[in-house]
Amino acid sequence: MPRECNLSEYLATTLSKSNQRSLVFERDIAVVKDVVHQRWQIEAGRYGLPQPFDQDVAFAIWWFYQKQGAPDSGDITCTEAEFLDVLRRPKGGHYYEMLHLALKRLLTCTIVSEEAILDVRAGVHLTDEFHFLTRYGRDNRKKVRTRERRLYLSIYKFFVASYKAGYIHLLDYEKYFSLSRPLAKRLYVVIDKMMGSKSQFEIGFERLVDLLPVTRRKHFHLLRDLRPAFEQLMGADCFSNIQVVPGKTLETKVVFKRIAKRTAKEKLELLAA
């Protein structure tokens, strides 16, 4: 299933419920003969920062967008029950409320980019403010049953235009929703995007940690936290093997392997999923 690529590379949700008011990702990248410092900040809105569940909700929004023909307007609509079906969650008052709060957080949070978001059409990284959603509405008529109540959403125009320009990341919907750990889901999205069609990808441990908004930076604690996520990713066949190659803290590497490179047929199947 395709989704806009910037939103795979820079994720916008916490890994656990938190009172934080912002998340920051920073890195240096080589551009031509220069080094550019990129900074991506998620600022909480009225309802706080997006939570782990919101990561699934954001994923499902792209699923509906693609299934509804990827309209230029970025507008999508579905019933609350249909949304929970995609999320593989029970239809009950608690989950309807979780969904509404997640959509409110995605609507009100602000994405602040400092040479981070790529405008693939112009070939430049942008410094600007963005949002994920520009509209979230629901049918509040009293006579409409909860499960039949419709939602009305609009994706931020920049991300729609980026998607239309072909800047997309193909992710396996079934594998993603087979994962239960937020950290495993985040790793799957980030590493799968960076890996592309390669059968093997190697990344320094510290660089991997920089891609995740974790608060505990001690080497031992992070390895302990990551191992269950690695095991779940291999159990779901997201990767055939994940190996931590020991070394000093800054030299430790993590190697991700797939059984084989993605074929053209597999790419077409992910597009249609």
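Between which helix and strand does the loop that holds Ala70 lie? Ala70 sits in the loop between H2 and strand E4 (75-79), where helices (H or I, at least four residues) and strands (E, at least two) are DSSP runs numbered from the N terminus. The model is predicted: local features need pLDDT of at least 70, side-chain atom pairs count only at pLDDT 80 or more, and totals for chains, interfaces and linings use all residues. Residues are numbered from 1 along each chain as its sequence is written, and side-chain values use heavy atoms, with hydrogens and water left out.

**Backbone with positive phi**

- Ala70 has a phi near 50°, a positive value in a residue other than glycine.
- Ala70 is buried, with a relative accessible area of 11%; buried means under 20% relative accessible area, exposed over 50%, and partly exposed in between (1.4 Å probe, protein chains only).
- Arg88, also not a glycine, has a positive phi of about 60°.
- The loop between helix H3 (80-87) and helix H4 (93-108) contains Arg88, which is partly exposed at a relative accessible area of 40%.

**Helix H5**

- In helix H5 (residues 157-164), the buried residues are Phe158, Phe159, Val160, Ser162 and Tyr163.

**Cavity**

- The structure has one cavity of 30 Å³ or more; a cavity is a set of points, on a 1 Å grid over the protein atoms alone, where a 1.4 Å probe fits but cannot get out.
- The largest cavity holds about 160 Å³ of space, a volume being the space filled by probe spheres set on the points, with grid points joined across faces, edges and corners.
- Lining residues, which have an atom within 4 Å of a point, number 14 for the largest cavity, and the closest to its centre are Arg3, Leu7, Ala12, Thr13 and Ala58.
- Helix H2 (residues 52-67) gives the most to this lining, with three residues.
- The lining comprises 10 nonpolar, two polar and two charged residues; Ala, Val, Leu, Ile, Met, Phe, Trp, Tyr, Cys and Pro count as nonpolar, Asp, Glu, Lys and Arg as charged, and the others, Gly among them, as polar.

**Cysteines**

- The whole structure contains zero disulfides, a disulfide being a pair of cysteine sulfur atoms within 2.5 Å.
- The closest cysteine sulfur to that of Cys5 belongs to Cys238 and is 18 Å away, too far for a bond.
- Cys5 counts as buried, at 6% relative accessibility.
- Cys109 is in no disulfide, and the nearest cysteine sulfur, that of Cys78, is 19 Å away.
- Cys109 is buried as well, with a relative accessible area of 2%.

Methods. 1 Å grid on protein atoms, 1.4 Å probe; cavity = no way out; pocket = protein on both sides within 12 Å on 5 of 7 lines; lining within 4 Å.
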